[in-house]
Amino acid sequence: MTAGIDLGQPQAQAIRSDQDVVRVRQMVRTVAVAVKLSLVDQTKVVTAASELARNTLVYGGGGAVEVATVDNGRRKGLRIVFADSGPGIPDLDLALTDGYTTGGGLGLGLSGARRLVDEFEIETSAESGTRITVTKWSR
């Protein structure tokens, strides 16, 4: 257990308010420290998580996040899944373009968040909302 977090189990957090975005940042930082990410990589993954949590709240109308530790046999890391039931991203190519932002977030946009992590997957549709999975590995 680390700061009240059982690293053997995925940690879930609803995203319904600005306070929840703060909780997501804290949870991600705690897990990043526990899997021994460098300070630079901790900052990167927390920044990406903050941007994605804010997007979940603002554009997805709220949702949830799940943070889990991962181990591929050579190194450890963390995997974060953001999910909402919002309207989806109408133009994913545009949303993933460097510098594209609709305002309100850190100005990173999805492309910035993607650059801060090692793996980035996105599924989006008007029917099922958006699901973004990111992974950051220890070096």
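## A buried aspartate

Aspartate 41 is buried, with a relative accessible area of 4%, where buried means under 20% relative accessible area, exposed means over 50%, and partly exposed lies in between, as found with a 1.4 Å probe on protein chains only. The model is a predicted one, in which local features need pLDDT of at least 70 and side-chain atom pairs count only at pLDDT 80 or more, while totals for chains, interfaces and linings use all residues. Residues are numbered from 1 along each chain as its sequence is written, and side-chain values use heavy atoms, with hydrogens and water left out.

The structure holds 7 salt bridges, a salt bridge being a side-chain nitrogen of Lys or Arg within 4 Å of a carboxyl oxygen of Asp or Glu. One of them joins aspartate 41 to lysine 136, with the closest N and O atoms 3.6 Å apart. Aspartate 41 lies in helix H2 (residues 39-58) and lysine 136 in strand S5 (residues 129-137), so this pair ties together parts that are 95 residues apart in sequence. Helices (H or I, at least four residues) and strands (E, at least two) are DSSP runs, numbered from the N terminus. Lysine 136 is also buried, with a relative accessible area of 2%.

Aspartate 41 meets arginine 139 as well, in a salt bridge of 3.3 Å from N to O. Because arginine 139 lies in the segment after S5 and aspartate 41 in helix H2, the pair ties together parts that are 98 residues apart in sequence. Arginine 139 is exposed, with a relative accessible area of 65%. Lysine 136, for its part, meets aspartate 118 in a salt bridge of 3.7 Å, N to O; aspartate 118 lies in the loop between helix H4 (109-116) and strand S4 (119-125), so this pair ties together parts that are 18 residues apart in sequence. Aspartate 118 is partly exposed, with a relative accessible area of 32%.

Five strands form an open sheet in the order S1-S2-S3-S5-S4, with antiparallel pairing, and two strands count as paired if DSSP finds at least two bridges between them. The edge strands are S1 (11-15) and S4, each of which pairs on one side only. The antiparallel strands S4 and S5 are joined by 7 bridges, and glutamate 121 has threonine 133 in S5 as its bridge partner.

Helix H2 lies across S1, S2, S3 and S5, and runs at about 10 degrees to S3. Helix H1 (residues 18-34) lies across S1, S2 (63-71) and S3 (76-84), and runs at about 160 degrees to S1. Axes are lines fitted to C-alpha atoms, for helices over the stretch in contact, and angles run from 0 to 180 degrees between N-to-C directions.

## The nonpolar core

The largest nonpolar core has 31 residues, and those with the most contacts inside it are Val28, Val45, Leu78, Ile80 and Phe82. Such a core is a set of buried Ala, Val, Leu, Ile, Met, Phe, Trp, Tyr and Cys residues joined through side-chain atoms within 4.5 Å. Helix H2 gives the most to this core, with 7 residues.

Valine 28 touches Val45, Val46, Ala49, Val67, Leu78 and Ile80, when residues up to four places away in sequence are not counted; contact here means heavy atoms within 4.5 Å.
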